[in-house]
Amino acid sequence: MINVRELHKNFGHVEVLKGINIDVQEGEVVAIIGPSGSGKSTLLRCLNLLETPTSGEIIFEGNVLNDKKTNINLHRQKMGMVFQSFNLFPHKTVLDNLTMTPLLLKKGNKADLEAFGLELLDKVGLRDKADRYPSQLSGGQKQRVAIARALAMNPDVMLFDEPTSALDPEVVGDVLAVMKSLAREGMTMVVVTHEMGFAREVADRVIFMDKGIVQEEGPPAQIFGNPQNERTQSFLSKVL
Ligand code: ADP
Ligand code: MG
């Protein structure tokens, strides 16, 4: 579904991504772990061209996204993104947050989109908050709304950038549970996370990044149980 080929990204003279090659298969859950500043967010943002690659290719469903001829907006709609900060529309109700963009893009009529929105709120356990405003929700609830909002576009893949890092510890589990159920339903997911338990339990594959390079990747049992790379070993010894 996603192929990253020799991706380089510079900010000014600083090379943040130094030749990344990654493939994500349909239905796969890929966790990206690594120290702060290693380029995880930049990589994720390059996947849907929130950042423009300096060189290399991002191929999504067979289309080279960073080709001038590609209509990026069309493909970006198929990639749901959830950030550390929830970025909900503050002056819209929870349900309107879900239906606004699909309505704008004429993805369906209002009644159908609202019915779908309510279904998604049910899925994230927030059906009863449909008429509330974001300011009336806890951080964990906001993040679950943000996930539902991304799902309202019927994406083919969901990209998560540390979705639980800004949350109080007692609500992290609610958000991880929603992500886990999405994974079980077969959603393709790329998840940058500090939640090693989640990566170990839910991911099909773990990618360890450091210094703008994929240092090691493999199934969770291998990365967590028998890491080969010295940097992976050192990182895991600090976070586990
Ligand atoms: P991570 O998500 O792994 O913590 P990031 O991708 O956020 O790492 O950042 C990698 C490096 O790129 C850091 O040194 C960061 O300061 C730098 N960086 C990220 N975004 C920008 C930007 N917009 N402009 C300049 N430097 C940036
Ligand atoms: Mg980051």
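Reply: Two strands pair if DSSP finds at least two bridges between them; helices (H or I, at least four residues) and strands (E, at least two) are DSSP runs, numbered from the N terminus. This is a predicted model, in which local features need pLDDT of at least 70, side-chain atom pairs count only at pLDDT 80 or more, and totals for chains, interfaces and linings use all residues. Residues are numbered from 1 along each chain as its sequence is written, chains are lettered from A and ligands numbered from 1 in the order in which they are written, and side-chain values use heavy atoms, with hydrogens and water left out.

Me: Over how many bridges do strand 1 and strand 2 pair?
Reply: Strand 1 covers residues 2-11. One of its links to strand 2 joins Asn-3 to its bridge partner Asp-23. The two strands pair in the antiparallel sense, and the number of bridges is eight.

Me: In what order do the four strands form the open sheet?
Reply: The pairing in this sheet is antiparallel. Strand 2 (14-24) and strand 5 (63-64) are the edge strands, each pairing on one side only. The order is therefore read, with pairing as defined by bridges, as 2-1-4-5.

Me: Which helix gives the most to the shell around ligand 1?
Reply: The residues that surround ligand 1 (a heavy atom within 4 Å) include Pro-35, Gly-37 and Lys-40. An N or O atom in the side chain of Lys-40 is 2.8 Å from an oxygen atom of the ligand. With three residues, the greatest contributor is helix 1 (residues 40-47).

Key
Polar contact = N/O pair within 3.5 Å; in protein donor to acceptor, adjacent residues only side chain to side chain.
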